[in-house]
Protein chains: 4
Amino acid sequence: MTRVAFLGLGAIGRPMAKHLAPPRSTLTVWNRTSAKANAFAAETGAAAAATPRQAVQAADIVITCLPSSREVEEVIGGADGLLAGMRRGTVLVDCTSGDPATSRRVAATLADAGVAFLDAPVSGGVSGAERAALTVMIGGDATVLERVRPVLSAFGSTIVHCGPVGSGDALKSVNNAMLAVHLWSLAEGLAALAKAGVSPRLALDVINASSGRSNSSQNLFPERVLSRAFPRTFRLALLDKDLGIAAGVAREQKVASPMLQLASELFRAAHTELGEDADHVEVVKIIERWAQVEIA
Amino acid sequence: MTRVAFLGLGAIGRPMAKHLAPPRSTLTVWNRTSAKANAFAAETGAAAAATPRQAVQAADIVITCLPSSREVEEVIGGADGLLAGMRRGTVLVDCTSGDPATSRRVAATLADAGVAFLDAPVSGGVSGAERAALTVMIGGDATVLERVRPVLSAFGSTIVHCGPVGSGDALKSVNNAMLAVHLWSLAEGLAALAKAGVSPRLALDVINASSGRSNSSQNLFPERVLSRAFPRTFRLALLDKDLGIAAGVAREQKVASPMLQLASELFRAAHTELGEDADHVEVVKIIERWAQVEIA
Amino acid sequence: MTRVAFLGLGAIGRPMAKHLAPPRSTLTVWNRTSAKANAFAAETGAAAAATPRQAVQAADIVITCLPSSREVEEVIGGADGLLAGMRRGTVLVDCTSGDPATSRRVAATLADAGVAFLDAPVSGGVSGAERAALTVMIGGDATVLERVRPVLSAFGSTIVHCGPVGSGDALKSVNNAMLAVHLWSLAEGLAALAKAGVSPRLALDVINASSGRSNSSQNLFPERVLSRAFPRTFRLALLDKDLGIAAGVAREQKVASPMLQLASELFRAAHTELGEDADHVEVVKIIERWAQVEIA
Amino acid sequence: MTRVAFLGLGAIGRPMAKHLAPPRSTLTVWNRTSAKANAFAAETGAAAAATPRQAVQAADIVITCLPSSREVEEVIGGADGLLAGMRRGTVLVDCTSGDPATSRRVAATLADAGVAFLDAPVSGGVSGAERAALTVMIGGDATVLERVRPVLSAFGSTIVHCGPVGSGDALKSVNNAMLAVHLWSLAEGLAALAKAGVSPRLALDVINASSGRSNSSQNLFPERVLSRAFPRTFRLALLDKDLGIAAGVAREQKVASPMLQLASELFRAAHTELGEDADHVEVVKIIERWAQVEIA
């Protein structure tokens, strides 16, 4: 049975890891807050490790699912880090929505230790993770991917090889950048219509039957903005980070990208104004505040 | 039988007018290029008028479908204009993608002559017009709308009352502004990915299964950009105009709208660079030129 | 002796009017808050009128100096308005920082009554007004300007004919738009340097000896930002309005102007956040808040 | 006598090096195109070295003045590079307009070899270099600066310690970013005025007496744009690079900076359109092309 180590039992990581629990694999988990790891172990039959190093010592494949590439670098290094524990031949699959430059640096470091690296961010949200219906975007060696594909298929229904290391990160970030641009621009448009006397609900109905529709207009605004529900499912801080990554890819590739860069700056400002706990859809509240109108 | 005058037999107007041809209504058409009107009349049993004034003299309802509000004002005024021909009690339904300020001015002028005005831009494209499946966005008096609804239902499957005069224009412009923002930002993102080694086709597949999807990613890019087909179905000049209208609504309503305003300026520059005949999707070529890569 | 009516005794208007007081001219003043007009009259020997109409009945030249073109239109119309009082042959010189479109509309209305109109916004601030050292930017008929030049030279040391009606407004707005762009971009740059460990004062010294210098870096930042003085000399609300006018001129002239439009949206947002009383330099506080640093 | 090595005899470097020629110092020069170094040596009494390594073997202080940090890293590494030649205790003063991140990396590498590093970009242009009137912005250890100050004062009239390594680069980049923003925004404003019938020359005269003035309005536009001279003194490619550095500093410091980022993207696009040889002021031609007007 494949021996899997899973690090990071957050909102997405936990349901992903659950699909890998015994008898599917021999699973060891680690989480910064160890109570979470212990509870998970008690519930699923997985083992809980005290440190990243201990978690990976017997692993064939290591999966990380952390807030950002910074945390990935943190769990790799140090006396209790992954690098101190992984044997040659292990594969590290990083499901973090990471940044390509860090992923490339990490991959180079790991290669020196005989460990292969794949960046493998996922999309599909908590519900996709629970239903084992995630899309997994892979950057790295295609033959390494084939070795770990059976493990990834435990939680991913679509596993896509995107290109060299960092490609998965890049694609994930661009998808999320589109989400961010759609959210912000739609809020501007609906705020203007609301002040001009057009009902946002009616406007969304028309747009959703027309050429201006997007996932944001079809799902997020009706369910979360019109209802004033603003559930906290995906932190603004993380979308701001993803948008920053996409904007960075565009600059690194010398692509003139005024829309992405502007969106990135606006989200940065909104993130500062709304704080670390705000949900990504709450950026709408900043546009509403500036416009002095509610989209409802 | 209702007597209808239809002015403007362009790409959208012609199939709309066809649904109103005898025996459905007593139809008189006018077009700036009179040969088009004569050919239409010969084909459909409608009458062709030599001037706007003649077209509307016996009409209960007058429908205009012109490139912009400027042309609407032009056909209204003057010795041969609509105003010289319309009787009190006539309703003017303007299916032009117009601007709210001009529509309000026109409505005020017509009101003095006892003529009611509705702005009524449509969405659904040539194919929607042919299948009588257009969405019609109405601004103006709701009771006037009820009087003309049977006529509009000849080409419109969804007829929505949006609010006071100008509301239909405002909503149409915001929908098209979203289209414009989606096109431009997606081109930036895909250009960056292409240069980073990620296939645009693969990227679109992933985005279309994820939170960044839009009508542009699902339809326009696969069919028109990846294929390099760039069919000329909707002129960039018109989308630039619509985006400018949406940006103007936002400013008039004092909505801080950096994304809409930036998009408007970028489309203005692209319009100048690509000329009057370019299709709206061809803006992608400007982003490609600046990025020195092809999204294919 | 020339008979002058002066309407609008604000921060700039009051010292301007003072240069026209007897014995220089026969002066009648009007102000929305009549106490100000009465105090001015008592101090200077001018007459105070109860209404705009009364103020201008015996005037050869009427000077308006109001917050915006909206107030100019308000004092012109109505039973007690300027138009009800001015005789044919009067010249209206509007020193408001107005918008060209309204000025053209006003000029057309006045022309029907035999009154000539010049837009004549001024620069130089309160101190320039006190020292009779204003620059006056004139739009309108050059021969009309020559008739009133002796009067304008009472407060203006540089009187420039810019072009047709609205040209003075356009030029004034572009000057102020540059001021706005310089303020905002310098605050961004200095906030970044401050966080990177470079003293803003030292940075300003270097910039002021180099190619990046501007009136903002040479005067406003050292005197008002580094000192945290932020004196209230020119309201942000007015600079926001001026920037909006410049952005409107650029759009009306079909000039792709992403920088001006973005600046206009940022100032709009800052104006909403800071309120009606804030000074224009206080926009720096918004950039500081978003950056979480003080430029000091 | 101090032994100085000078690498990079470009437009600025050459006149700088000249001030260090014998008898002022014992000077060895190196240039990628060796003919330039040989000619310089013949003219000044300096020695010309065949490689960076040879140039620095006997040097107390090494000065680099190259197009960008990339070239600095290139001359440092390799068998013939600086690092292979410099003795412990040497100081490397990099007068390149570099980027802070690279400078910090270079400084760390050199520190391991016992070589101190100062980033020391200059402003003042060719004429400032010729007149020994440059401003030198220093990042790095202040005590190291004091050791080399006598050498730097050969070409620099103002030598400013800005902060830790990278501070000089950061400040230089922000100064140049201001220049870039001023150029672009002024071109937008003057293009709008020109189309509105206001003479750009007259507009500049007024702005230069008012609050919107900048080095660009006072010097660059009158001398280079109105005259259509567009002399090639400072390449657009380099200003684009500098603006990108400033934008990068702002992002690294988490400063929401929509104006700097937008300017950076516009310059990137203009750089692509105008090519590698264009002068920085030629960006005005892009704004003119988009506006279809000449600022003259």
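Predicted model: local features only at pLDDT ≥ 70, side-chain atom pairs only at ≥ 80, totals over all residues.
The description may begin with the extent of the contact. On one side, 54 residues of chain D take part, and they touch 55 residues of chain C. The size of an interface is often given as the accessible area lost when the parts come together. For chain D and chain C, this buried area is about 4,800 Å², and carbon and sulfur atoms give 68% of it.

Which elements of chain D form its side of the contact with chain C? Those that give two or more residues include two strands, strand 8 (134-139) and strand 9 (156-163). The helices that do so are helix 9 (167-195), helix 10 (200-208), helix 11 (215-225), helix 12 (236-252), helix 13 (258-274) and helix 14 (283-291) of chain D. Helix 9 of chain D gives the most, with 19 residues. By residue class, the side of chain D that touches chain C divides into 32 nonpolar, 18 polar and four charged residues.

The interactions across the interface may be considered next. Between chain D and chain C, 18 residue pairs are in polar contact, counting pairs in which both residues have pLDDT 80 or more.

Finally, chain C may be compared with chain A. A rotation of 180 degrees, with 0.0 Å of shift along its axis, superposes chain C on chain A with an RMSD of 0.0 Å. The two copies are therefore related as by a two-fold rotation axis. The same surface serves both copies, since 100% of the contact residues of chain C recur in chain A.

Note on methods: Residues numbered from 1 in each chain as written. Chains lettered and ligands numbered in written order. Heavy atoms only, no water. Contact = heavy atoms within 4.5 Å. Buried area = accessible area lost by both parts, 1.4 Å probe. Polar contact = N/O pair within 3.5 Å; in protein donor to acceptor, adjacent residues only side chain to side chain. Helix = DSSP H or I, 4+ residues; strand = E, 2+ residues; numbered from the N terminus. Nonpolar A, V, L, I, M, F, W, Y, C, P; charged D, E, K, R; others polar. Least-squares fit on C-alpha atoms with pLDDT ≥ 70 in both.
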